[in-house]
Amino acid sequence: MDRLKIGITCYPSLGGSGVVATELGKLLAEKGHEVHFITHSIPFRLGTFQKNIYYHEVEVNDYYVFRYPPYDLALATKMAQVAKMEQLDLLHVHYAVPHAVCAYLAKQMLGGQIKVVTTLHGTDITVLGQDESLRDLIRLGINESDAVTAVSNDLINETRRVLDITRDIDLTYNFVDKRVYYPRDVTDMRGDFAADNEKILMHISNFRPVKRVHDVVDVFAKVNRKLPSRLLLVGEGPDLPKIQAKVYEMGLEDKVRFLGKQDDIAQVISLADLLLLPSEKESFGLVALEAMACGVPTIGSLAGGIPELVQHGKTGFLAPIGDTDAMAAYAVRLLGDPALAEVFRKECLHRACNGFSRDVITNQYEDIYYRVLGRKALRLNSCSR
């Protein structure tokens, strides 16, 4: 096997891009590649010491003439130092700003003697790309990368529209590891959250306005009038106090549980009969994929990359943004028909395994690496646990 030395930079704290970057690095290391994480702190999903994985901390100079510590420059310098010291083949950076720009600077410091792959995850384009002060910088980072990937076709189209990008962008969906995400036996736990005759609806997010968590509560209220049910809300964020107030105003406090942040998402998702994802924007919808891998269908919005993941009428149902009546009707239809719910559950498991497995997506990234390096390698696909 053609072993690669790969530097990975991501936001190491909570967030979909950091999760995907860290899980990808772990899978690449399992396959025998040497992976070097270059970040300001250890990625939260990295865990304990693992073979073929190394961590390099970015330390920022707090020199008194700097009004703000220059993290971007420190990161670029660290990338160049690690690439030279470890003889890296390439840098794979997740998120355009500042990581793609830092990688470009590192490449210049190295005289062009390293390749750069940039993965776009969403808000680096949909939010930061709208900022006139950052647009040219983001465009530079993308255009100067040796390869660029995005997590949905919708994000590719948005990148072209917002930034007037014409270069090739590879579609590489997010993935799920079946060794972690699979239907868990939660029989003993379920009784703590719902009675035997009640259905469990769930929402997991960072509780920001774009997630439209108020729609989640509205949908649940309408479902609860038709079917005995409970709502579990997982996560934290700026909209959480507003949602808590809304739950009390609607008299739903006995039907809704706030679970806060949870580490074992697969265990939590397995409690649910249905996931609600009514987001206004969603470049991919990683939580819907995690639910799918646990056999839980999604009721979501026709937004961003969600329709590329959730198949309407097969692995869930989709409705226009804000159409809580339609979402509630779909939820009642699915939750009230056990036979249909079982069909959807099987479709979810099949699609997660065959379309978004760790092996399929990891191999796609490997092929991109070999392509920019001018090398060839045999690829084998597998979906075994």
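Phe207 sits in the loop that links β8 (199-204) to α8 (213-226). This is a predicted model, and Phe207 is one of the places in it where the backbone does something worth a look: phi is near 50°, a positive value in a residue other than glycine. Phe207 also counts as buried, because its relative accessibility is 0% and the cut-off for buried is under 20%.

- Tyr95 isn't a glycine either, yet its phi is positive at about 95°.
- You'll find Tyr95 in the loop between β4 and α3, and with a relative accessible area of 12% it is buried.
- Going from Val97 to Pro98, the peptide bond is cis, with omega near 0°; Pro98 itself belongs to helix α3.

**Helix α2 and what packs on it**

- Helix α2 runs over residues 71-86.
- Its 16 residues take it 22 Å from first C-alpha to last, close to the 22 Å expected at 1.5 Å a residue.
- The buried residues of α2 are Tyr71, Ala74, Leu75, Ala76, Met79, Ala80, Val82 and Ala83.
- In an α-helix there are 3.6 residues a turn, so residues three or four places apart point the same way.
- The cover over the buried residues of α2 includes strands β1 (5-9), β2 (34-39), β3 (53-57) and β4 (90-94), along with helix α3 (96-109).

**A nonpolar patch on the surface**

- Leu73 teams up with Leu105 and Met109 in a nonpolar surface patch, and together they have about 280 Å² of accessible area.

- Ser229 is in strand β9, which covers residues 229-234.
- Ser229 has 0% relative accessibility, so it counts as buried.
- The Ser229 side chain has a polar contact with the side chain of Asn224 at 3.2 Å, and it also reaches the backbone oxygen of Leu227 at 3.2 Å.
- Setting aside neighbours within four places in sequence, the contacts of Ser229 are Glu198, Lys199, Leu201, Phe220, Val223, Asn224 and Lys255.

Note on methods
Residues numbered from 1 in each chain as written. Predicted model: local features only at pLDDT ≥ 70, side-chain atom pairs only at ≥ 80, totals over all residues. Heavy atoms only, no water. Helix = DSSP H or I, 4+ residues; strand = E, 2+ residues; numbered from the N terminus. Buried < 20%, exposed > 50% of the residue type's maximum accessible area, 1.4 Å probe, protein only. Polar contact = N/O pair within 3.5 Å; in protein donor to acceptor, adjacent residues only side chain to side chain. Contact = heavy atoms within 4.5 Å. Patch = residues over 30% accessible without salt bridge, like charges linked within 9 Å, V, L, I, M, F, W, Y side chains within 5 Å. Areas by Shrake-Rupley, 256 points an atom, 1.4 Å probe, with all protein chains shown as cover. Salt bridge = Lys/Arg side-chain N within 4 Å of Asp/Glu carboxyl O. Expected span 1.5 Å × (residues − 1).
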